[in-house]
Amino acid sequence: SELTSVAIEDSHIFKNEEEVRLHHINLKSLEVIVLKNIDIHSFYRVPELNFIKNMMKPVRRTSMINTKVFAIPCQSTIHFTNLEVLDISDNTIADRTLMEMMCYGKEDVLLNLRTLNISKNSLSSINSKLFTRLEKLENLDMSRNSFDSMPSTCSWPASLKFLNLSSTSLPEVTSCLPQSLQILDLSRNKLTVFNIELPLLKELYISGNKLGNLPDGHLYVSLAVLSIQDNNLAKFSSKNLHDYQSLRVLEAAGNPYVCSCDFVGFVTNDLMNHKTVVRHDLKSYICDSPDAV
Ligand SMILES: *[C@@H]1O[C@H](CO)[C@@H](O)[C@H](O)[C@H]1NC(C)=O
Ligand SMILES: *[C@@H]1O[C@H](CO)[C@@H](O)[C@H](O)[C@H]1NC(C)=O
């Protein structure tokens, strides 16, 4: 019968006998391949197996999660013509091997890709040029790599809407961040300022940084959700909130608030009647100073 989906989890595979077994299945209609938590011996051979080329043509979704993948060569990716979702999270892909997988951004590969997940790999730089030609790419998850810095400019595809850069050790952001973004996750980095204008941004997750102020709401006219807990905010005001035209939900607990009479009054009265809903139990908003409160 025709197989449309294959999932192999928690096993040892791709020794020779498995290769042969897969080779004999009718794979012409295969649309989804999931490999997860697999201990693959001699891994480098897997993506180069000849059968995978024919197998990959119709495939629309592939996940290879925690399979110790460290390289998918250009010769393989050029066959992934219909792939829409590629999840290679939790592996050991590095800058060089990502370049190789994307054919150095020079060839028309993975042109149907909408979602790419390279979370939790060994990347150390943000190389947007590898993705410029992916005109359908909407979601890019690069969280849990270690970037340390961001280039000053980038060339992302205009289609990019979701970018996850959480837990990537970034000390600052630049106008590398694309204007097309609707959802941006920068949680758990080392940011002290966030001031890049993103007019289409609807959701910003920026908790676990060192921001001393709420970002300027005028820069985020579409923002509906702001998650900024566990930063260095000492206070914010009604005006700060009003500057966000579209804000509906604010999560701002876990900050070292200075509880001046004004601020306490604002939080306990005005905020309750504000158009923005404050999420989290108010008890988790704690005065850091003065000591008396
Ligand atoms: C990417 O993979 C990680 C880890 O496997 C997962 O937690 C995350 O939700 C995935 N992201 C997307 C956008 O699918
Ligand atoms: C971003 O990635 C982190 C870690 O992989 C995950 O926990 C988080 O939910 C993702 N953010 C969004 C908005 O999906």
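I looked up Arg 133: at 37% relative accessibility it counts as partly exposed (buried is under 20% relative accessible area, exposed over 50%, partly exposed in between, with a 1.4 Å probe and protein chains only). This is a predicted model, where local features need pLDDT of at least 70, side-chain atom pairs count only at pLDDT 80 or more, and totals for chains, interfaces and linings use all residues. Residues are numbered from 1 along each chain as its sequence is written, chains are lettered from A and ligands numbered from 1 in the order in which they are written, and side-chain values use heavy atoms, with hydrogens and water left out.

**Salt bridges**

Next I checked the partner of Arg 133. Its side chain meets that of Asp 108 in a salt bridge, 2.4 Å from N to O (the term needs a side-chain nitrogen of Lys or Arg within 4 Å of a carboxyl oxygen of Asp or Glu). I find Asp 108 in the loop between helix H4 (95-101) and E5, and Arg 133 in the loop between E5 and E6, 25 residues apart (helices, H or I, at least four residues, and strands, E, at least two, are DSSP runs numbered from the N terminus). Asp 108 is exposed at 52%.

The structure holds 5 salt bridges. Another one joins Lys 239 and Asp 243 at 3.0 Å, N to O. Here Lys 239 is exposed at 54%, while Asp 243 is buried at 14%.

**Aromatics**

I counted 8 aromatic pairs (rings of Phe, Tyr and Trp, the last by its six-membered ring, pair if their centres lie within 6.5 Å; planes under 30 degrees apart are stacked, over 60 edge-to-face, the rest tilted). Phe 131 and Trp 156 have ring centres 6.2 Å apart and planes at 5°, so I log them as stacked. Phe 131 is buried at 0%, and Trp 156 is buried at 12%. Phe 236 and Phe 263 are edge-to-face, 5.7 Å centre to centre with 80° between the planes. Both also belong to one aromatic cluster with Tyr 257, Phe 266 and Tyr 285.

**Ligand 1**

What sits around ligand 1? I get Ser 89, Asn 117 and Asp 141 (a residue is near if one of its heavy atoms lies within 4 Å). A polar side-chain atom of Asn 117 is 2.3 Å from a ligand oxygen, and one of Asp 141 is 2.8 Å from a ligand nitrogen. The protein covers 54% of the 370 Å² of accessible area that ligand 1 has on its own (Shrake-Rupley method, 1.4 Å probe).

Note on methods. A polar contact is a pair of N or O atoms within 3.5 Å; within protein, one must be able to donate a hydrogen and the other to accept it, and residues adjacent in sequence count only if both atoms are side-chain atoms.
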